[in-house]
Amino acid sequence: MLLYKPLLSMLAVFAAAGSVTAASCNGGTDPPSLTPIPASQCNTGPVQCCSTYTSPTNSVVALLSGLLGLVPNLALGAGLSCVSLIGGASCSNTAVCCNNINQSGLINLGCTPVTLGI
């Protein structure tokens, strides 16, 4: 019986993660209008390629942030379902530079869009 609540929380995280790629990019909120920076200026870790770049107030981001105990920076964007771009790989979605938490690529907070190849 003690595992019931943690199990439900984990199921909620996996259910949300499964719907991330199907979720609207807006989710009711637009990502912050930030000027993309060159990839060479990303000094907080590797550039990430995210399937969704959205506002930290997006319903999926809010759910995952709450479950993981994270506090997003409302002035910056959030990336969902992200993978590191290493060795000049290309990104067909949104390339970002994030300065906060990366939860195994599921959620990245504090993200700014990045221009590749500059």
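Mentor: Contact here means heavy atoms within 4.5 Å. The model is predicted.

Trainee: Which residues is Ser-65 in contact with, leaving aside its neighbours within four places in sequence?

Mentor: With those neighbours left out, Ser-65 is in contact with Leu-70, Pro-72, Ile-107 and Leu-109.

Trainee: Where is the place of Ser-65?

Mentor: Ser-65 belongs to helix α2, residues 59-68.

Trainee: Is Ser-65 buried or exposed?

Mentor: A residue is read as buried when its relative accessible area is under 20%. Ser-65 has a relative accessible area of 3%, so it counts as buried.

Trainee: What does the side chain of Ser-65 reach?

Mentor: For a polar contact, look for a pair of N or O atoms within 3.5 Å. The side chain of Ser-65 reaches the backbone oxygen of Val-61, at 2.8 Å.

Trainee: Now the strands. How many of the nine residues of strand β5 are buried?

Mentor: Strand β5 spans residues 107-115, and eight of its nine residues are buried, so the strand is largely enclosed by the rest of the structure.

Trainee: Which strands pair with β5, and in which sense?

Mentor: Read the bridges strand by strand. Strand β1, residues 37-38, pairs with β5 in the parallel sense over two bridges. Strand β3, residues 77-84, pairs with β5 in the antiparallel sense over four bridges. Strand β4, residues 94-98, is also antiparallel to β5, over three bridges.

Trainee: Which residue in β5 is the bridge partner of Ile-37?

Mentor: The partner of Ile-37 in β5 is Val-114.

Trainee: What stands opposite Gly-79 in β5?

Mentor: Asn-108 of β5 stands opposite Gly-79.

Trainee: And which residue in β5 is the bridge partner of Cys-98?

Mentor: Cys-98 has Cys-111 as its bridge partner in β5.

Trainee: How many residues of β4 are buried?

Mentor: Four of the five residues of β4 are buried, which leaves the strand mostly covered.

Trainee: Which strand do three bridges join to β4, running antiparallel?

Mentor: That is strand β2, residues 48-54, joined to β4 by three bridges in an antiparallel arrangement.

Methods. Residues numbered from 1 in each chain as written. Predicted model: local features only at pLDDT ≥ 70, side-chain atom pairs only at ≥ 80, totals over all residues. Heavy atoms only, no water. Buried < 20%, exposed > 50% of the residue type's maximum accessible area, 1.4 Å probe, protein only. Pairing = 2+ DSSP bridges. Polar contact = N/O pair within 3.5 Å; in protein donor to acceptor, adjacent residues only side chain to side chain.
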